[in-house]
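These are my notebook entries on one chain, kept in the order in which I looked things up.

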Amino acid sequence: MDDIRVIEDPAAAVASLDPTRSRLLDLLREPGSASSLASLTDLPRQKVNYHLRALEAVGLVELVEERRRGNMTERVLQASAASFVISPSALASVAPDPRRFTDRFSAFWLLALAARLVEEVGRLITGAATAGKTLPTFAIDGEVTFASAADRAAFAEELGTAVGQLAARYHRPGAGGRRHRVVVALHPTLKDARADRPAPIDTPATSPATGPALEEKQ
């Protein structure tokens with residue numbers, strides 16, 4: 001079982017969004033059969049079997065083992081990942097394109113970048129797993145509280161300058177190395193954010209960096 005799987009197949013995305021099937025995926029973080037799931041969901045076993053076959057057909061659940069029970073064979077299944085994220089590639093024709101935006105202060109551009117990050121990292125994870133290689137990535141998640149909008153603007157300007165200088169220092173386009181994408185984001189936190197939010201970025205626990213940085217296909 002993967003920790004996280006990015007769903008690129010539109011059919012798998014549709015299956016994962018069905019409330020009943022989503023509930024079954026949650027329960028199948030631990031192996032289970034149609035009978036055990038029926039008792040947990042108060043659904044008929046036949047209906048559970050129907051949903052399990054649909055989930056298995058798109059790769060969201062996998063067969064763990066088969067057990068003989070009298071004249072019947074009980075199939076034990078498990079979700080293929082503990083959590084799922086739907087890639088924008090599942091909606092390829094309407095997926096956001098960062099190239100449509102030029103304003104780096106636009107929330108829509110930020111969202112388009114985040115969508116691209118999900119899509120690219122999802123594909124990279126799949127490729128790395130197939131090749132049996134480790135995917136080199138890096139990210140920083142922190143918070144900073146600004147006293148004023150002017151301070152926020154100054155912070156953004158200094159951060160952009162620092163990242164640009166750091167990138168220029170290490171960028172070697174003719175050296176034959178692997179290209180990496182660097183994305184830096186700044187946005188307000190949600191008012192109902194959970195208490196276990198990340199530490200402020202100026203604490204010793206978090207060193208200054210550009211995060212997140214991720215490997216890009218060539």
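I began with burial, and I find that buried residues make up 26% of the 218 residues in the chain, where buried means under 20% relative accessible area, exposed over 50% and partly exposed in between, with a 1.4 Å probe and protein chains only. I keep in mind that this is a predicted model, in which local features need pLDDT of at least 70 and side-chain atom pairs count only at pLDDT 80 or more, while totals for chains, interfaces and linings use all residues. Residues are numbered from 1 along each chain as its sequence is written, and side-chain values use heavy atoms, with hydrogens and water left out.

**Entry: overall layout.** I looked up the secondary structure and found six helices and eight strands, taken as DSSP runs numbered from the N terminus (helices H or I of at least four residues, strands E of at least two). Along the sequence they follow the pattern β-α-α-β-α-α-β-β-β-α-β-α-β-β. For contacts, meaning heavy atoms within 4.5 Å, I noted that residues 24 or more positions apart account for 70% of those with a separation of 6 or more.

**Entry: the three-stranded sheet.** I then turned to an open sheet with the order S2-S4-S3 and antiparallel pairing, two strands being paired if DSSP finds at least two bridges between them. Strand S2 (32-33) and strand S3 (61-69) each have a single partner strand and stand at the edges, so one side of each has no neighbour in the sheet. S2 pairs with strand S4 (residues 72-79) over two bridges: Gly32 is partnered by Leu77, and Ser33 by Val76. On S3, eight bridges join the strand to S4, and one of the bridge pairs is Arg68 with Thr73. S3 and S4 form a hairpin with two residues between them, and Gly70 in the turn has a positive phi of about 65°.

**Entry: Leu77.** Leaving aside residues up to four places away in sequence, Leu77 touches Leu28, Glu30, Pro31, Gly32, Leu52, Glu56, Glu62, Leu63 and Val64. Leu28 is 49 residues from Leu77 along the chain, yet their C-alpha atoms are separated by 7.1 Å.

**Entry: helix H3.** In H3 (residues 34-41) I marked Ala34, Leu37, Ala38 and Thr41 as buried. Seen down the helix axis, these buried residues fall within an arc of 105°, so they line one face of H3; the arc is that of the directions from the helix axis to the C-beta atoms. Ser39 and Leu40 are exposed on the other side. The buried residues of H3 pack against helix H2 (19-27), S2, helix H4 (45-57) and S4. Asp42 follows H3 and has a positive phi, near 60°.

**Entry: H2 against H4.** How do the axes of H2 and H4 cross, and at what angle? They come within 10 Å and cross at roughly 80°, with axes being lines fitted to C-alpha atoms, for helices over the stretch in contact, and angles running from 0 to 180 degrees between N-to-C directions. That makes H2 roughly perpendicular to H4, since angles of 65 to 115 degrees count as such, under 35 as roughly parallel, over 145 as roughly antiparallel and the rest as oblique. Thr20, Arg21, Leu24 and Leu25 of H2 meet Val48, Tyr50, His51, Leu52, Ala54 and Leu55 of H4.
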